[in-house]
Each structure stands twice: as structure tokens, then as C-alpha cells.
Amino acid sequence: MDAHAIELLELPAIRERLAGMTACDAGAALARALQPSADRHEVARLREVTREAGVLWEAGLSGPGGAQDIRDDVRDARLGAPMEVKAFERVMATAQVAREMRVAVMEHADDAPLMADVADLVDAAAMDRVAATLGDALDGRGGIRDDASPGLARARRDVAELKRQAQEALREVAQAVRPHLQEGFITERAGRPVLAVKASSRSAVPGIVHDTSDSGGTLFVEPLPVVEASNRVREAVAREREELAAVLAALRALVEDQGYALEAAVEALAEIDLRLARAALSRAWRGTPVEEGEPQLVEARHPLLDPATAVPITLDLRSMRALVVSGPNTGGKTVSLKTLGLFALLHQCGLEPPAHAVRLPVFDDVLADIGDEQSIAESLSTFSAHVRTLIGVLDRAGPRSLVLLDEVGAGTDPSEGAAIAQAVLGELVDRGTLMLATTHSPEVKSWAVQTPGAANAAVGLDPDTLAPTYRLAVGDPGGSHAIGIAERLGMPAGVLERAREALGAERSALAGLTEEAERARAEAERDRAAAAEARAVAERERREAERQREKLRVKADEERARMRAEAAAELAELRRDLQALRQEIARGRKLEDRDRRSADRQRDRDRRLGAADDAARRAEQRLGGLAAPVAPERAPEVGEHAVDLALGVRGVVISIEGDEAELQGPSARVRVPLSRLAPDRAPAATAAPPPVAEARPALEAVAPEVDVRGQRAEAACTAVRQYIDLAAQAGMETVRVVHGRGTGALRQAVGEELARHPLVKSAVLAPPGEGGDGATIVTL
């Protein structure tokens, strides 16, 4: 890639931001050295690498913080150079981070195989050995542990003991010669323990004079009785240094032995750090993955501009090779060039540019001529500098190149400059180069209209205020509006009138037409934006309506399923009762001759069997009619005629409690779920229903007991309540509720439900022969 274009497009600033996202020095160095690739396969790999890194980043994986670039330390170990304890601490920390990072990345190997390939370069066994060995030797305070080796431990014990003995001997001497001492403290000179002796008492304290005070009144004397003890201390300290040197040499040998593994770990950590930083930066500026194809930017934002104020641009270069952008200064022409060029570089560096959508090819080179590059030192004018850059562009540009030219042909005679611009642009179009150029020249705008594969584009301008909108419209050229802008900024009217006269009638008319076209384009853009907003509102309302419809459909399906389940359970219960009754009748007939009272019992059973058959048939009919019940359009109110959609019972709603209602029918009062009731559009023309006490209907056979074992308390209470209602309607006097023993929670809940039921007279635990405390006998 052209280094000059990389500088002009400000990729170095992006590299610095990327380096700021890294967690270790080696990763930051890779970020600052990042170069765009011109190889399609490599760019595709970089896109996938950044995607994988994004998966790990979103999973909470951070960079290798704490790791350091220890390659210089490894090189010192190979050369046999002495290594300080701090160097070993750096090596240990890096080995630990490398081991942890390898484990963390390999946990996501299925989702990020390319990241796992890099993490696998870390030799886990080597890192464990280095970290463990150094951890056993370093004390964490910049020194070596006493137990780093047996010899070092022994030498340090000897030093401590001999120092204690020397200090004790010195204190004894000091006590004996106290009148001759200048000060009572013990100090050191040249590493030897000494006493501060008065110069006048020199002969009273025999020993070696190591120093004198500035005034000469004090001598620092090492007493002779202490000299031998101090010598033994010196010898022990020398042995300690030898043992310490041996430990450090062993640690240096370890680093040398594992040098290649440590260097590979640093390089792997740096690469992982760079990849995670690319993902983090891409998400920080809300980047989007690039799709390879013909150039198209949708809502693209230059990453170095303030995202709160930057206006996104949309640029569609599909099916064209050259786009000529015109319009007023400060309108965003140069930003459009830089955005396209920088996006191409970011894509080929593996970063996701900030945009709603991006499609770009892989360019083999990005070439640019942007800004004023005059050089006094090289005697180059603005035009000469531009020409020199254009020559370099023509030397390198090919069919896979991207060329960005700002104010091409400017800086010289407008006619000649326009001629050069048209020639350069034509040459690049002939080569198949993709090109974006800005201009104020009418001749260059005309060239774009007449040349196949080229098109004009204009930066937006408010037609009323002449303020730039920083939006790019492809299709028509833009006017420079120099006179209009000068008028808005306050230039005298007389000067402006002279300017219009100097412009000439033809040019003035052309400028007027351009302004009218831009005004129409601005109005069309406002209308388009309003229509887009209206479409967005309509789409939001449509989605909300669809969501509500789906919610109602799901609710209706759930209600149908619940009603089917209830009817099926009721039918199964009735069939069990019917079978039990048939068995009981069969046994009764065998005992008929032995017991006269069996005849009455048999008649009663026959009556109950018939009622059960009728109830079973009615339940089967109801179950068959539940294929697609119609959900009630609304719930009835108290006092309103209603019909039970599941059972077909009609009556008047006399009360509503929660999700249940009491329905007074022609001969009985029943409690039913409110969701099954609907307003009765054809109520029976009957007199007011009689009181409950006057009717004890036998609607259908009801089992003598209900079993709620294994159910949750709420469901069991609902089942008991419905069962008591049916038993009361069937005219039964006593029933049994089987709730089991368990923890007693279900028995308590059932007891509370029976206590508050208006149709229950009493409820007591069953005798031992009928279930004991696992069942309750209910009197209605």
C-alpha cells in the first residue's frame, strides 16, 4: 500500500486508537505496525478473525493484561548476561498470563477455531514449569526466598547468627568504654561495626579507625575484640553471595532452556491481544462487517469525527468507475473522499468500519492526492506538488486500485487545470481504476456527464440558508455557491453585483439552474425523509398489530387445549365411575337372594347407572363439540344472562369472584370459570329462578369421592371446589376427599377450602378404616 496515501487518510491515528485498546506492550507494538493487506484471501481471513475475536470479547474475554514483552530478557539469558530479580518477575508474570490465556481461549475453540490456533502455540507445560520454578524462588518483594536452595538458606542463617554475635560483642565493649564514647549508639563504616570514640580517648579504645568526623573530634573505631567477629560475618556474607549467584544462574539457565517457548508465548499473546483490540475498537465505534463486492457505503461515519455531530454519508459506486463530487467548500467533499479511502484501509486491516452497511472490494493499492502539499524547501508550488503526486498516481494505478483526487487540476489557470484534470481522469477510467474526485470546474462536471462509467455527485446545501447539510447526492453536479455564500457572510451588495456581472449572463443562468436543481433535490430529499418516517411508523404499527393477533391466537389455542383436557378428564372419571358401578351391580345381583334389602340398593344403583350413562353421553357430545370453540367476545356482567360454552348451561350471573362466576340456572346454582361464560343472546323465557334451597337437581352421577393426591395446592383446591358443586347438584349428602398424608400442606389447603365453601356443613378427618388423616369426610 502507498505510504503517502496511508498518511493522508489518517490511518496512523487509527493505529494509535487501536494500540490504546490493547492490554500488553507487545500487542500495542503490533497495532502500531498494522498494515493493510492487498491479498483477497488474507483479507477474508482477517474478517473471520475479527468476527471470532468479537465472539470472545462479548463472552467477557479480555486481553492479556500483566504480560510483558520479555524477548529482551530471553536474549540476555541466551548471552549469559546477568539477570536481575525484576527480569525474572517479568518472565514469571508473562508465563502465568500465557497459561491462563491459552485455557480461556481454548474453552471457545468450537466458536473461534482461528483464535484457538494461536492460543495453541503457547506451550502450557513449559509455562507451568517456568511459573512454578520462579514462583518457588522469588519472594514477591524484589528478592530471592531463603529456601530457594539449601545452601542459600544455610548461608543466610549463618550471616544472621554471626551478625548477632558481632553486635553482642560490640555492645559489651561499648558498655566497658562508655565514658570515652562521643555517642552511645553503634554505627557502621565501610560495612564494619564501629563506635564513635572521643579523639582525646583514642588510646582507651584499641582498634581500627575507619573514619573521622568533619571536626576531627570523633573517631569511628572498630574495637579489636570485635574485628574477628566482623571478619566471620564478612566471610558468611561472601558465602551468601555465592549461593545467591548460584540460584540466579539456575534461574537464568531455566529461562534460556525455555527461551523459544517463552518467545512463542509472547508472540501468541501479542496476536491475541491485537485481535481482541480490533474487535473492541470495531464495537466501540459501532462497526459492521464488510461484505466483499462493488463499493457501497450506507450511513457511513468517519471514525475520527465526533459521532455525536458527524453526519453519516451514503455512497453507491456500483456499476461506475468514476464519481466526480462538486459543491461548496466545507460541504463535505473531502470528508467523503477520506471516508471511502479510510474504510478501504480499515477493511484490509481486519477492522469493521462504522456504518450501517459496507460493501467493498479488496484493492491492491489506495492512492490519494488530498490537501495542499506545497514545499518551500523543495521549491514546489501547490500546483507543482499536485502534479508530482498525480504522476506518482499514474505510475501505480491499475484496475484494482482506488484513487482519490481532491480538487484535481486546481492551483493553476482554470482552463488548463480543467484540461489536465479531464485527461488524468480519462486515463484512469480507461485503466478500469475506481476513482473518486472533487472539483469546482464546470468542464470536469461536464466530462462526468459525457463519459461512460462516470457520474456526478453533489454535497447537500440548504437552499434557503446556504448552510451545508453534509449529505451526498449522486446523479447531479453541485454548484459552488460562492456568490451566495459571500452574500450570507455579509459582503457588500455592490461588490456582489459586480461579481454577477463579471460572471456573465450565461454562467449566471447556469448557476441559477444549478441552484434550482439543488433546491428541488433538497425538497425531494425532505419529502423522501418524511415518507420514510411514515413508512417506519406504519411498519411499527403493523408489527404491533401482528404481535397482538399472535398473542390472541396463542391465548385461544391455550384455552381450547385447557377445555379439551378438562372435558377429557371428566369423561375419563365418569367412565371409571360407570365401570365401578357396573362391577358393584354385578356383585349385588349375586347377593340378591340372601339380602332382601339388596333389591332397593339394586334399584338405586340402576338409577345411578342410567344417570352416569346419560352424563357420559353428554360429556362425549361436549368433548366432540370442543374441536374449535369460539372464545367469548367479552365476559358477562352480574345480572346478565349468560351461557356456559362448555356445558351448555344457561342462567343469570349472580356474582363474580376473581376468575369464577356463580350462575343461577332454572333449577340450580353452579360455579363455573368466567372464561367459559359468554353473554346469552337467546335467554330462556322463564320466570325468576327459585332459591337454591328449593332445588336439589340430580344433573348427573357424581363419584362418592375425589382424589387430589399429587396435585399442587391451588389446583387441588379448584378440583375440590368444583367437585363439591357437582356433588351438591347431584343431591349427595356426604362425600370423601382423598388428599393423602405427606407433609400435611395439601390437607391444610383442602381443609381451608372446605371451611369457606358455602355448601359444606362440616368436614372431619376420615375414620382409620376409611383413610384416616389421609382423607376428609364432608357433609353437605
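How are helix 8 and helix 11 oriented to each other?

**View 1. Crossing of helix 8 and helix 11 in the predicted model.** The axes of helix 8 (residues 124–137) and helix 11 (residues 259–284) cross at roughly 105 degrees and come within 10 Å; helices (H or I, at least four residues) and strands (E, at least two) are DSSP runs numbered from the N terminus. Axes are lines fitted to C-alpha atoms over the stretch in contact, with angles from 0 to 180 degrees between N-to-C directions. The two helices, helix 8 and helix 11, are therefore roughly perpendicular to each other (65 to 115 degrees; under 35 is roughly parallel, over 145 roughly antiparallel, the rest oblique).

**View 2. Residues where helix 8 meets helix 11.** Helix 8 contributes Ala-126, Met-127 and Val-130, and helix 11 contributes Ala-261, Leu-262 and Ala-265; contact means heavy atoms within 4.5 Å. By class, this contact has six nonpolar, no polar and no charged residues (Ala, Val, Leu, Ile, Met, Phe, Trp, Tyr, Cys and Pro count as nonpolar; Asp, Glu, Lys and Arg as charged; the others, Gly among them, as polar).

**View 3. Thr-22 in the loop between helix 2 (11–20) and helix 3 (25–32).** Thr-22 counts as buried at 15% relative accessibility (buried is under 20% relative accessible area, exposed over 50%, partly exposed in between; 1.4 Å probe, protein chains only). A polar atom of the Thr-22 side chain lies 2.5 Å from the backbone oxygen of Ala-19. Beyond neighbours within four places in sequence, Thr-22 contacts Gly-27, Ala-28, Ala-31, Asp-273 and Ala-277.

**Notes.** Residues are numbered from 1 along each chain as its sequence is written, and side-chain values use heavy atoms, leaving out hydrogens and water. In this predicted model, local features need pLDDT of at least 70 and side-chain atom pairs count only at pLDDT 80 or more, while totals for chains, interfaces and linings use all residues.

Methods:
A polar contact is a pair of N or O atoms within 3.5 Å; within protein, one must be able to donate a hydrogen and the other to accept it, and residues adjacent in sequence count only if both atoms are side-chain atoms.
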